[in-house]
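Here is a short report for a first look at this structure. Keep the view open while reading.

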Amino acid sequence: MVTTRPAIKEVWAWLADVPDPEIPVISLVDLGIIRDVQWQGDTLEITVTPTYSGCPATSIINFEIEAALHAKGIDNLSLKRQIAPPWTTDWLSDAGKAKLENYGIAPPQPAGGPQHCPHCKSHAVEKISQFGSTPCKAQWRCTDCLEPFDYFKCI
Amino acid sequence: MSVPGLIRLGDNTLVLGQRLSEWCGHAPALEEDIALANMALDLIGQTQLWLGLAAEREGEGRSTDTLAYHRDAWDFRNLLLVEQPNRDFGVTMMRQFLFDSWHLAALTALCNHTDADISAIAQKSVKEVTYHRERSTDTVIALGDGTEHSHTRMQSALDRLWPYVGEMFTTDEDDLTDMAALRPAFDAHVTAALAEATLTRPGNDFAHQGGKTGARHSEHLGHMLATMQVLPRSYPDASW
């Protein structure tokens, strides 16, 4: 019997449809946490890097990867956790950054703070707290439109 | 043998992570509540990496959870500083500032460890702890150089906790890096921050010891572990 192994490129496309459980507007591929996809014999090996070491979404993410690939008929699947090199927001895709902004979350900036308010685009913004609703976000506010917003921390 | 050194690092982050999580729902403002819980989460995540590696290398069938939930106070190897009670927000943030200042220096050194697994955990943790130190430093400065009342409370928090600083820089062959060598980096950061906070560094460097060797923990650790461990000890097969 001949078993067909889906092409690596196809697997990446499937993973690009798996949303982040906390910020469903971006995919796991946009987030930059899928580091490698390869076949080891008949087993598909996916290498995943956690964002924050204590992020509770990590186990859900693994579960969703398994569910998505099982749905595509992949039975032999192995998830490998890789912590070095550590995840950085530099690995967020440009498409992911644009989706965050549209969703109302200011994308990370090397300067360490949001470029502008994701709602009204004003540059008059101030920090409320260095931490936010998930480990990857901080709380900011716009002093023009007065809306609070999340900022995706740059690490 | 790296296991005792890994357990020291993991016990520090576990005990402080548990202490910080005691604030959940009680902090003086919602933003502070979230910040303390987020730091607790980072520290518990780091614990899983350190104690996970310790358990794997020990090879005696113990897991991260066994190490966290099925050891008694005398088996813990954390610094005395991290087991000290939260008391008020000022004491909690001063404890965090002193710990973060040591922790960042220790992790920076461990990033260059020759053991690739140890270096990888340090590289992951150093990013989170850089952020922790930035926040605890800012808070100590804001409260120290704040009102007369907040200044008095921060000075009293510093005086209370200073006797627990010295233990962080004691070192022996179990440590994964020379902890005594970290003192200049710690002193540089702490001296500058305390000056900006208008706080006075205590003159007496007497240091309580016995946490990282396990010889003499303070009475507070046992009480904390009783709360932390009661569920898995009462229901050993519980899962959630």
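Arg141(A) stands opposite Pro148(A), a residue of β7(A). This is a predicted model. The two strands involved are β6 (residues 137–142) and β7 of chain A, which run antiparallel and are joined by 5 bridges. Together β6(A) and β7(A) make a hairpin, with 5 residues between them. In the turn, Leu146(A) has a positive phi of about 70°.

Strand β7(A) has another partner. Strand β4 (residues 105–106) of chain A runs parallel to β7(A), and 2 bridges join them. Here Ile105(A) has Asp150(A) as its bridge partner in β7(A). How many of the residues of β7(A) are buried? The count is 4 of 5, so strand β7 (residues 148–152) is mostly covered.

## The three-stranded sheet

Chain A also holds an open sheet of 3 strands, in the order β1-β2-β3. Its pairing is mixed.

Strand β2 (residues 43–48) of chain A pairs with β3(A) in the parallel sense, over 5 bridges. Within this pair, Glu45(A) stands opposite Ser78(A) of β3(A). A helix packs on the sheet too: α1 (residues 8–15) of chain A touches β1 and β2 of chain A. The direction of α1(A) makes about 140° with that of β1(A).

## Chain A as a whole

Chain A has 4 helices and 7 strands. From the N terminus on, the order is α-α-β-β-α-β-α-β-β-β-β. The C-alpha atoms of chain A fill a box of roughly 65 × 25 × 20 Å along the principal axes.

Chain A has 155 residues, and 33% of them count as buried. Among contacts in chain A with a separation of 6 or more, 52% come from residues 24 or more positions apart.

## Two domains

The domain assignment of chain A gives domain 1 (8–87) and domain 2 (92–152). Their C-alpha centres lie 26 Å apart. Across the boundary, 11 residues of domain 1 of chain A are in contact with 11 residues of domain 2 of chain A. On the side of domain 1 that touches domain 2, the classes are 6 nonpolar, 3 polar and 2 charged residues.

## Meeting chain B

Chain A also touches chain B. Here 16 residues of chain A are in contact with 19 residues of chain B. Which classes make up the side of chain A that touches chain B? That side has 10 nonpolar and 6 polar residues, and no charged residues.

## The largest nonpolar core

The largest nonpolar core has 90 residues. Within this core, Leu81(B) and Met94(B) touch the most other members. Helix α2 (residues 30–58) of chain B gives the largest share of the core, 14 residues. Domain 1 (8–87) and domain 2 (92–152) of chain A both give residues to this core, so the core lies between them.

Look at Met94(B) in detail. Leaving out residues up to four places away in sequence, Met94(B) touches Val140(B), Met154(B), Ala157(B), Leu158(B) and Leu161(B).

Key:
Residues are numbered from 1 along each chain as its sequence is written. Chains are lettered from A and ligands numbered from 1 in the order in which they are written. This is a predicted model: local features need pLDDT of at least 70, side-chain atom pairs count only at pLDDT 80 or more; totals for chains, interfaces and linings use all residues. Two strands pair if DSSP finds at least two bridges between them. Two residues are in contact if their C-beta atoms, placed from the backbone, lie within 7 Å. Axes are lines fitted to C-alpha atoms, for helices over the stretch in contact, and angles run from 0 to 180 degrees between N-to-C directions. Domain bounds come from an automatic or database domain assignment. Ala, Val, Leu, Ile, Met, Phe, Trp, Tyr, Cys and Pro count as nonpolar, Asp, Glu, Lys and Arg as charged, and the others, Gly among them, as polar. A residue is buried if 20 or more other C-beta atoms lie within 10 Å of its own, exposed if 12 or fewer, and partly exposed in between; C-beta atoms are placed from the backbone. A nonpolar core is a set of buried Ala, Val, Leu, Ile, Met, Phe, Trp, Tyr and Cys residues joined through C-beta atoms within 7 Å.
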